[in-house]
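The plan is to jot down what I look up, one topic at a time.

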Amino acid sequence: MDWLTQYEAHTRFMFFIGMLFAMLVLQKRFPRRDIASVKLFNSPPFNARANLKRQCQHLLLTAINTLVLRLVPGAAAVGAAVWAEQQQVGLLHYFAAPTLIATSLSILLLDIAIYFQHRIFHAVPLLWRIHRLHHSDPFFDTTTALRFHPIEILLSMLIKTVLVVAMGAPAAAVIIFEILLNAGALFNHSNLKLPLKLDQNLRLILVTPDMHRIHHSQIHNETNSNFGFSFSFWDRLFGSYKAQPIKGHENMDIGLREFRDARVNELGAMLLQPFSAALSPEKLDAKHHRD
C-alpha cells in the first residue's frame with residue numbers, strides 16, 4: 001500500500017471532509033436533540049445562528065490543531081511507522097508478522113490504547129484540565145469531535161508515535177487507523193437519530209451517537225463511561241459500558257455544569273480553558289438564581 005503512504009495527507013483530508021459533510025447533512029435532517037436544550041448563563045436562547053458560530057469556532061480550532069501537528073517534528077505517527085519499517089524496529093518486525101496480521105493487530109492495539117488514554121485523561125486531574133474542553137461543549141453534534149485543545153492533540157499524537165515505534169506498526173495500518181478514528185469520532189459525536197434497532201445492532205461493534213452521547217452527560221458516573229471512540233467492545237470488556245442515560249437522551253444535560261458561561265464556545269476562551277478556574281458550586285448557584 002505504498003500509494004496510501006504517498007498520498008496520506010490527501011487521503012485523510014478527503015475522508016475527513018466527506019464524513020464531516022455527510023454528518024452535518026444527516027444530523028440536520030434527522031436530529032436527535034433540539035438546540036433549544038442548550039442553556040447558558042448571561043446568554044440569549046441558543047439558536048441556529050449561535051450554533052453555526054459555535055461550529056465555525058470548532059473548525060478554526062481544528063485548523064490550529066492541524067498546524068500544531070505539522071510544525072512539531074517527531075509528532076507524526078505515520079512518519080514514525082515509516083522509520084520503524086526502514087530500521088526494522090518494533091515487535092511486529094522482530095517476529096516478522098505477515099502484513100495482514102501486522103495491520104489488523106496494529107489497528108486493534110492502537111484503538112485499545114486510545115481507549116485507555118481516554119480513561120487516563122479523565123482520571124488524572126492535570127490531564128482532565130486539558131481534556132475538559134472537549135466536555136464543556138453545551139451541545140453535542142459532529143463538530144464536538146473537533147473540540148480538542150492543541151495540548152491534548154499533541155500529547156495524543158506523541159503517545160501514538162511511541163506505540164507505533166514499539167509495535168513496529170505498518171505505515172498503512174496507522175493511516176487506516178487514523179481515518180477510522182476520525183470518521184468514527186465524527187459519526188459518534190453527531191446529533192443523528194438512528195432507528196433503535198439499527199443503533200442496537202451497530203453498537204455491538206461500533207460506538208454509536210446514542211452510546212457516546214452518554215459520555216458527555218453532566219452526571220459524573222455517566223461522564224466516566226463509554227470511553228471508546230471507534231469500537232464499542234472495549235467498554236464492555238473493561239466494565240465502562242452504560243447502555244442508556246438516566247434522564248433519557250432528550251432530557252439529559254450535556255456538557256459541564258461549571259462551564260456554562262456564554263463565552264464557552266469562543267475560540268479564545270477554549271484555548272485558555274485549561275488555565276482557567278471552573279466556577280465553584282456557590283458561584284454556580286448564584287448565577288443560576290440571577291439568570
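I began with the aromatic side chains and found one cluster made of Tyr-115, Phe-116, Phe-227 and Phe-238. A reminder to myself before going on: this is a predicted model.

Next I asked how many aromatic pairs there are under the pairing rule. The count comes to nine. One of them joins Phe-231 and Phe-233, with 5.2 Å between the ring centres and 10° between the planes. I have noted that pair as stacked, because planes under 30 degrees apart count that way.

Are the two partners buried or exposed, or something in between? Phe-231 has 16% relative accessibility, so I put it down as buried. Phe-233 is at 29%, which means it goes down as partly exposed. The cut-off between those two classes is 20%.

One charged residue also turned up at a ring. Arg-236 sits over the face of Tyr-241, 4.2 Å from the ring centre.

**The nonpolar core**

I then went looking for the largest nonpolar core, which has 33 residues. Which of them touch the most other members? My list reads Leu-110, Val-164, Val-174, Phe-177, Leu-186 and Phe-229. The elements giving two or more residues to this core are helix 2, helix 4 (77-87), helix 6 (99-123), helix 8 (150-167) and helix 9. Helix 9 has the largest share, with 10 residues.

**The largest pocket**

How much space lies in the largest pocket? I get about 1,100 Å³. Its lining takes in 36 residues, and the closest to the pocket centre are Arg-12, Leu-69, Ile-153, Glu-178 and Asn-182.

I checked which helices build the lining. Helix 2, helix 3 (48-71), helix 4, helix 6, helix 8 and helix 9 each supply at least two residues. Helix 3 gives the largest share, seven residues. Sorted by class, I have 21 nonpolar, nine polar and six charged residues around the pocket.

**The cavity**

Arg-12, Phe-15, Phe-16, Ile-179, Asn-182 and Ala-183 line it. Two elements give two or more residues to that lining: helix 2 (8-29) and helix 9 (171-188). By class, the cavity lining splits into four nonpolar, one polar and one charged residue.

Why did I stop at a positive phi? Most residues other than glycine have a negative one.

Ala-96 has a phi of about 50° and is not a glycine. I located Ala-96 in the loop between helix 5 (91-94) and helix 6. Its relative accessibility is 61%, so I have it as exposed.

Asn-226 is my other entry here, again a residue other than glycine, with a positive phi near 50°. Asn-226 belongs to the loop between helix 12 (220-223) and helix 13 (233-237). Is Asn-226 buried or exposed? It is buried, because its relative accessible area is 0%.

**Sequence gaps and distances in space**

Last, I picked a few residue pairs and compared their spacing along the chain with their C-alpha distances.

- Phe-275 lies in the loop between helix 14 (267-272) and helix 15 (281-290). With a relative accessible area of 60%, Phe-275 is exposed. Phe-275 and Arg-129 are 146 residues apart in sequence, and their C-alpha atoms are 7.8 Å apart.
- Leu-91 is in helix 5, and I noted it as exposed, at 54% relative accessible area. Leu-91 and Val-165 are 74 residues apart along the chain, with 8.8 Å between the C-alpha atoms.
- Ala-166 is in helix 8, and at 43% relative accessibility I count it as partly exposed. Ala-166 and Gln-273 are 107 residues apart in sequence and 33 Å apart in space, C-alpha to C-alpha.

Note on methods:
Residues numbered from 1 in each chain as written. Predicted model: local features only at pLDDT ≥ 70, side-chain atom pairs only at ≥ 80, totals over all residues. Heavy atoms only, no water. Phe/Tyr/Trp six-rings, centres within 6.5 Å; stacked < 30°, edge-to-face > 60°. Buried < 20%, exposed > 50% of the residue type's maximum accessible area, 1.4 Å probe, protein only. Lys NZ or Arg CZ within 6 Å of the ring centre and 35° of its normal. 1 Å grid on protein atoms, 1.4 Å probe; cavity = no way out; pocket = protein on both sides within 12 Å on 5 of 7 lines; lining within 4 Å. Helix = DSSP H or I, 4+ residues; strand = E, 2+ residues; numbered from the N terminus. Nonpolar A, V, L, I, M, F, W, Y, C, P; charged D, E, K, R; others polar. Core = buried A, V, L, I, M, F, W, Y, C linked by side-chain atoms within 4.5 Å. Points joined across faces, edges and corners; volume = space filled by probe spheres on them.
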